[in-house]
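Please work through each task before reading its solution.

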Amino acid sequence: MNLVYQVGDPNYCAGCNGSFRLTFTSTSVGTSQGVIGAGFDNLITGTGFYAFVTFGDSTTADFPLNGLAFFRIISPSLIRSIHVGLAGCGATQADVITIDNLSIGGTDCSIAPDGTPCNDGGFCNGEDSCDSGTCSVHAGDPCAGGPDCNQTCNEGSADCLDPPGTGCSTDNNPCTTDTCNGSGACIHAAGNGGVECRAAVDDCDAAETCTGLSSTCPTDMTAPDGTLCTDGTVCTQVDQCSGAPASEARRSTATTATRAHRIRVTRCRDASTISPRAATAAAPRSPCF
């Protein structure tokens, strides 16, 4: 597709100050980086004038205009602007530079070289480029491998925002939900009520669970007094948790009529009693004596 701009006066003077710049970053046939090609009738009669071209990749080059009736340039890198004047974008006030019939070529693959950027109108197939006269080469899903909450390709809105509620990277807090907010951010709101956030360390400790209303695990608590436990020794019976805080050791004792041995410190308390007579009778067979 070509867009041809013509003026009524065949000796149209563009600026009449000896130099001017043609910019192609906002046309209907190109992209924000420029157009595929541009040309114009060169009516300059003087010598020493150039077309200083800035390409879409920001590189530049000088092209002499001396003796050319028509100047044209095509580049797969696109043409961002052409400054007509002295070499290196220089201006002169001593001459009048005249051009006519400016033509620009967009990214129509029928005239563009293979590899020229084009646009097939789609978003989710990625950046497009020309191949064999058609806009048929596509880079693929532009959202694949993107950051958290920006990995879902949405053709309609041309963005990569994951839907609200999509799981995202954890903050390693069991009392928060790790979900996308639909605007590209991963948020960690309080939640997960009933999920264990601190495990019990022994029989006399209680596991804590998230409330669902706070992101902080509840205060560490002990098991209620009287909770059955074991201190791991055969010399005590009916072991129960006492009311000491979890940070303090609880004691388990073995009581007999003939010997009163205080056993190792544990988190349990023996609630049993043994009669003196029963203890005496059992003593010879007990591993505790």
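Helices (H or I, at least four residues) and strands (E, at least two) are DSSP runs, numbered from the N terminus. This is a predicted model, in which local features need pLDDT of at least 70, side-chain atom pairs count only at pLDDT 80 or more, and totals for chains, interfaces and linings use all residues. Residues are numbered from 1 along each chain as its sequence is written, and side-chain values use heavy atoms, with hydrogens and water left out.

**Exercise 1.** State how many helices and strands the chain has, and what share of its residues is buried.

Solution. Step one: the chain holds 1 helix and 18 strands. Step two: buried means under 20% relative accessible area (1.4 Å probe, protein chains only). By this criterion, 32% of the 289 residues are buried.

**Exercise 2.** Determine what part of the accessible surface belongs to carbon and sulfur atoms.

Solution. Areas come from the Shrake-Rupley method with a 1.4 Å probe. The surface of the chain comes to about 15,600 Å². Carbon and sulfur atoms account for 52% of that surface.

**Exercise 3.** Describe how strand 6 pairs with strands 2, 3 and 4.

Solution. Two strands pair if DSSP finds at least two bridges between them. Step one: strand 2 (residues 20–23) is antiparallel to strand 6 (residues 70–85), with 4 bridges; Thr23 has Ser81 as its bridge partner. Step two: strand 3 (residues 35–42) also runs antiparallel to strand 6, through 6 bridges, and Gly37 is partnered by Ile74. Step three: strand 4 (residues 50–55) forms 6 antiparallel bridges with strand 6, where Val84 stands opposite Ala51.

How values were computed. Buried means under 20% relative accessible area, exposed over 50%, partly exposed in between (1.4 Å probe, protein chains only).
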